[in-house]
Structures are given as C-alpha cells and as structure tokens.
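Hi everyone, thanks for making time for this. Let's have a look at the model together, and I'll walk you through the parts I'd like you to see.

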Amino acid sequence: MKANQLLFSCLIFIGSPAIAGGGGGGLGNIVHDPTAYVKHVQNAAKAAIAEGQRANAYLLQLNQWENELLQRLPLDFAGIAPQLEQARSALNLYKSYQSTLVNLNGSIGNVRNRLNLRFDEARLLNMDFNQYAQREGQHLQARNVERLAIAEQDMSVIQGLQNDYSAVQAMQSKIASTVGTHESMGLMNSQMNQLVATMVTVKGQLATSSLQQQKQQTDDDLKREAERLRKIENHEKHQGVKNRARQFFSN
C-alpha cells in the first residue's frame, strides 16, 4: 500500500486541527471544527474574484493604450515604438496573469465542492463533522478501498489548488518588476496564504501518520515473514529427524 493511499482527505481536517486524547497519532484521532476551513475558502474565493476583476479592468486600460499608440505610430514611429513595445509587454503579462487567476478560481470552486460533498455525507449519516472524521479515519486505517479512492480525489483537488496558486505567485513576481502591485493582490495573497498554510500543516500531520502506519505495516509484515520462516525451519528439522529415524530402523 503506497503512503499517499493512507492519507486521509485534507478536506476533513483543514481548519484548526487538534489531536484528540493526547496520544496515538493515528488518522482516526484527528478532529476539528470545520467552520474555520469554510471561512478560509470563502475569503480566498472573494479575494481571488476581486483580484480577477481588477486584472480585467487593467487589461481594458492596456488595450486602450495599445490602440492609442497604434494610431500615433505612423506619425512618430521613433517616439512611439518603445512605448508600444512596453504596452504590449504589459498586456501579454496581464493576459497570462488573468489566465492563472481563472484557473485559481476554478480550483477554489473544486475545493468548495469537495467540502460540500463531505458535509452532505456527514449529514446523511446523522453525524457531526468530528464523528464523521473519526469514522473516515477508521475506514482508511482498515484500508477501505472505496474510502481511500475518495480521499485520494480530495487530495488531488487540494494539490491542484496549491499548484494553481503557485502559478499565480510566479506571475505576480513578474508583474511586480514591470507593472507594479495592487492592494487587491495583497489581500488575495493574504487569504490564499492562510488557506495554503493550513493545508500544508495538515498534510504534514497526515503524512506523518501515514508513514507511522506504513512502518507499522512493514514491521507486521516482517514479523509474519519471520514466523513463516521459523515454521518452515522447524518443519524441516522435524522432517529431518523423521528421515534419520526411518533410515536407522530400516538398517
């Protein structure tokens, strides 16, 4: 069983995770109040939408600037050409930035949808979310194939969000050196950093739990193999004694 197959869905644990009971470290012991995670997702979505709207408005301004320069270009080519190159560079940069923001908004929506699916399932089971988290952890410890597949889907969505935000940050570093930054960009980064930081913390906890379980599984497998070899050895010894006794009495 691969380590990542033992990871419990980040959607279950994101927020303010705490280890219940002060011991263990197994997946089934991690519980939390999910309201903090919901708030992070909502705030990140609002901030990303606001930054996307600002980027769209700036793209319109850049398009207008390009058109004005093109109209003046035949009259003053030497003076206008450098400005036109600058305008087109900024325009292309913001088009790429806008594209990464679109992807980020889609990923945030995917995370919210996965979370809603988990909430709905908990309600159908007539459980609060901590009870549901405990139940899911037990299923994964038991290597329930169906629940593992669902958890892996959640993990994929979480990873997609992190990847898309990394792409946004990469574009922002280029924008800062050429066009500058904006207040809405800083707000979005603040909200996204809160969301991503929580994910990283939880994924680290889950990875630790997963590795611990994997190590326990490996230890158990080694013990079983040692016991199997011991039985074979004892059987062979016993068979050897029988063969020698048979030879002795046949002489």
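Let me start with the charges: R114, R118, E121, R135, E136, R147 and D154 are linked in a network of salt bridges. By salt bridge I mean a side-chain nitrogen of Lys or Arg within 4 Å of a carboxyl oxygen of Asp or Glu. The count by this rule comes to nine.

Before going on, a word on what you're looking at. This is a predicted model, where local features need pLDDT of at least 70 and side-chain atom pairs count only at pLDDT 80 or more, while totals for chains, interfaces and linings use all residues. Residues are numbered from 1 along each chain as its sequence is written, and side-chain values use heavy atoms, with hydrogens and water left out.

Back to the network, then. Which residue forms a salt bridge with E121? That is R147, with the closest N and O atoms 2.8 Å apart. R147 lies in helix 5 and E121 in helix 3, so this pair ties together parts that are 26 residues apart in sequence. Helices here are DSSP runs (H or I, at least four residues), numbered from the N terminus.

R147 also has a salt bridge with E136, at 3.0 Å between the closest N and O atoms. Here E136 in helix 4 meets R147 in helix 5, so parts 11 residues apart in sequence are tied together.

Are these side chains buried or exposed? E136 is buried, at 0% relative accessibility, and R147 is buried too, at 6%. E121 is partly exposed, at 23%. The cut-offs are under 20% relative accessible area for buried and over 50% for exposed, with partly exposed in between (1.4 Å probe, protein chains only).

Now helix 4 itself, residues 129-141. Its buried residues are F129, Y132, A133, E136, G137 and L140. They cover an arc of only 135 degrees around the axis, which puts them on the same side of helix 4; that arc is taken from the directions from the helix axis to the C-beta atoms.

On to the aromatics. How many aromatic pairs does a search of the whole structure find? It finds two. Rings of Phe, Tyr and Trp (its six-membered ring) pair if their centres lie within 6.5 Å; planes under 30 degrees apart count as stacked, over 60 as edge-to-face and the rest as tilted. Y58 and Y94 have ring centres 4.7 Å apart and planes at 55 degrees, so they are tilted. This pair links distant parts of the chain, with Y58 in helix 2 and Y94 in helix 3, 36 residues apart. Y94 and Y97 have centres 5.7 Å apart and planes at 90 degrees, so that pair is edge-to-face. Together, ring pairs link Y58, Y94 and Y97 into a cluster.

Two of those tyrosines come up again in the largest nonpolar core, which has 35 residues: Y94, Y97, L104, I108, M188 and M192 touch the most other members. Such a core is a set of buried Ala, Val, Leu, Ile, Met, Phe, Trp, Tyr and Cys residues joined through side-chain atoms within 4.5 Å. Helix 3 gives the most to this core, with 12 residues. Apart from it lies another core of five residues, including L69 and L84.

That's my tour, and I'm happy to take questions!

Note on methods. Helices (H or I, at least four residues) and strands (E, at least two) are DSSP runs, numbered from the N terminus. The expected span of a helix is 1.5 Å times one less than its number of residues.
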